Structure formats: C-alpha cells, structure tokens
Amino acid sequence: MVVGGSRGIGAAVAELLAAHGAGVVINGRDPDAVTAAAQRIPGAVAHPGSPAEPAVADALIDACTAAFGRVDILVNCAGTAEPPGSSILTVSSGQFRELLDAHLATVFETCRAAAPKMVAQGGGAIVNTSSFAFLGDYGGTGYPAGKGAVNGLTLAIAAELKEHGVRANVICPGAKTRLSTGADYEHHIAELNRRGLLDDVSMAGALDAAAPDYVAPLYAYLASDLAAAVTGRIFVAAGGFVGEFSRPAPSLLAYRDHHDCPPWSVQELGGLLAQ
C-alpha cells in the first residue's frame, strides 16, 4: 500500500516495489493521477481518496487484502506544502489543521487500519515519510509540526509492535518533486538563506535535489526482508547521501539529589544554563 503513490517519491517507490515483485495499491487524492500511476504498473490497484478520513484508510487496507490476500507493506509518502510565505505570524488555524491532516492524520489512520492486519498475519513493514523540516530550519508551522509528530508516532509504533514482528521506520527524503520546484519554492529557500536559517550548502542542496529514483531504494530496502532486524529508526536519503538521525538523548547539565538538596533556584539555573 503506497499512500501518496501517484506522484513524486511515492510513484517512484510504487514502481520499484512492483519491480521487486510486490502487488501494489496506489493511493492519492487526485483520482486521475492515481489512475494514471496505476496504469503504469501491471496489476496495480488504484484507490483514490484522503486517508486522513478513517473510512478511507480502512477501505484502502481492505482493498489491499482483497486484491492480494494480505498487507505486508505500508508506505506513507503523502504530503502538501505550506501556503506561500506561511509562518506563525500568518498561518490560519484552518490551514494549520489541514497541514496536520495531510501529514500526521494520514499516517495515523493508515497505520491504525493496517497494524491489526499485520499483527494477525505475524509481521509487516511500515515506512513513513518525514522531512528535515522537523528541525525547524525551514520555518513553517503545520509542515514541521506534522513531520516531527510522524517521527514520534513511528517510533512509538515500532516499540509497540516489535514483539509482533511488525517493523516501523521513517525516511526524511530529499528529492526534486512538485513540492520542491517552482518560483515560489526557490524564493522561499533563498529567503531562508538570507535570514540565516539555511546555510549556503543546505540551500544549494535544496535547489539541486536529485530525482525521486535516488530515494526510492531506501524505501524498498526497509520494506524488504533484508531489513528484518531494522525498526524504530529515522533515516535520511537525499541523492547519493544515505544517513540517519541519532536517537535524541539528554545531556547532563547539572545534578543535585532531591533527597538532600532544595530545588534549583531561578538564579542558580540562570548561572548554569547561561554557560
């Protein structure tokens, strides 16, 4: 099941999975694009709709089991860009909720629908899509919030389902798609560089990303039996670069035993943390 499989990275992933022998169900919100993508893959099933809606997510998983007997792989590649110039100073509550629906709700609903099927059959692989934007370096609101939440949700799913043989991982891809091309995108990246949010190297990479074909193999690997022991990790794929975000861990800044000492005072914390 490839959500967001009608265009860009999702389409490249769907085609590569099919080339490795998988039966593929392609989802997207544009019925014409979904149909066209499915027609390029022999035996693929087209199932348009927004999986942020619970009934659509359930129907997608049912369509996969009806067509192929089971659901072994769930790939979430759906996404939408922030409105041009969007920031906490300009975004509306409605726009923010739409962005969370596109990124977080889609992942939650499809995982919610697929997980019981995977547990019942004794295994499966979930590969969700995040973004470097979760770090905040690209500004925005609902996009980085949604992608950061996808990371946390996926790690929790991986921990919950590990005992059942179901794996869940995240990829933060860098590829040239309709979300990362055009005058508005180029202006946005240039403005982030001007404001000091993006350095020159990051700006150059954002403006000269490789094709989705360079990202798709990592999705296929994580979906395959070759990655049977890989779960709960956040990977990076951008052109020829493959990397991983280390699991966050706290650094010790100061310590006192609460059994013997009073709480830190505001002044004490100021002296410690200012260093």
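Modeller: The model is a predicted one. By class, the residues lining the second largest pocket are 14 nonpolar, 7 polar and 4 charged.

Biologist: Which residues of that lining lie nearest the centre of the second largest pocket?

Modeller: A22, D72, I73, A223 and S224 lie nearest its centre, out of 25 lining residues. The space in the second largest pocket is about 530 Å³. Elements that each supply at least two lining residues are α3 (54-68), β5 and α8 (216-223). The largest share, 3 residues, comes from α8.

Biologist: What makes a space a cavity and not a pocket?

Modeller: In a cavity a 1.4 Å probe fits but cannot get out, whereas a pocket is an open set of points. The count comes to 1 cavity of 30 Å³ or more. About 30 Å³ of space lies in the largest cavity.

Biologist: Which residues line the largest cavity?

Modeller: The lining consists of N76, A78, A102, H103, T106, V107, T129 and K147. Helix α4 (residues 93-121) gives the most, with 4 residues. By class, the lining has 3 nonpolar, 4 polar and 1 charged residues.

Biologist: N76 also belongs to a strand. How do you know that both faces of β4 are covered?

Modeller: In strand β4 (residues 73-76), I73 and V75 are on one side, L74 and N76 are on the other, and all are buried. In a regular strand, side chains alternate between the two faces of the sheet. Buried means under 20% relative accessible area, so β4, with buried residues on both sides, counts as covered on both faces.

Biologist: What makes β1 and β4 a pair?

Modeller: A pair needs at least two bridges. Strand β1 (residues 2-3) and β4 are joined by 2 bridges in the parallel sense, so they pass as a pair. V3 stands opposite N76 in β4. β4 and β5 also pair in the parallel sense, over 4 bridges, and the bridge partner of I73 in β5 is A125.

Biologist: Why are β3 and β8 said to stand at the edges?

Modeller: The open sheet of 8 strands has the order β3-β2-β1-β4-β5-β6-β7-β8, with mixed pairing. β3 (45-46) and β8 (241-245) each have a single partner strand, so one side of each is left without a neighbour in the sheet.

Biologist: How is β8 joined to β7?

Modeller: Strand β7 (residues 234-238) runs antiparallel to β8, and 5 bridges join them. I234 stands opposite F245 in β8.

Biologist: What lies across β7?

Modeller: Helix α5 (residues 142-161) lies across β5 (124-129), β6 (166-174) and β7. The helix runs at about 155° to β6.

Biologist: β8 also contains G243. Why is G243 called buried?

Modeller: The relative accessible area of G243 is 14%. The cut-off for buried is under 20%, so G243 falls in that class.

Biologist: Which residues does G243 touch, not counting those up to four places away in sequence?

Modeller: G243 touches F235 and V236. The C-alpha atoms of G243 and C172 are separated by 9.4 Å, while the two residues are 71 residues apart along the chain.

Technical notes:
Residues numbered from 1 in each chain as written. Predicted model: local features only at pLDDT ≥ 70, side-chain atom pairs only at ≥ 80, totals over all residues. Heavy atoms only, no water. Contact = heavy atoms within 4.5 Å. Axes fitted to C-alpha atoms, helices over the stretch in contact; angles between N-to-C directions. 1 Å grid on protein atoms, 1.4 Å probe; cavity = no way out; pocket = protein on both sides within 12 Å on 5 of 7 lines; lining within 4 Å. Points joined across faces, edges and corners; volume = space filled by probe spheres on them. Nonpolar A, V, L, I, M, F, W, Y, C, P; charged D, E, K, R; others polar. Buried < 20%, exposed > 50% of the residue type's maximum accessible area, 1.4 Å probe, protein only.
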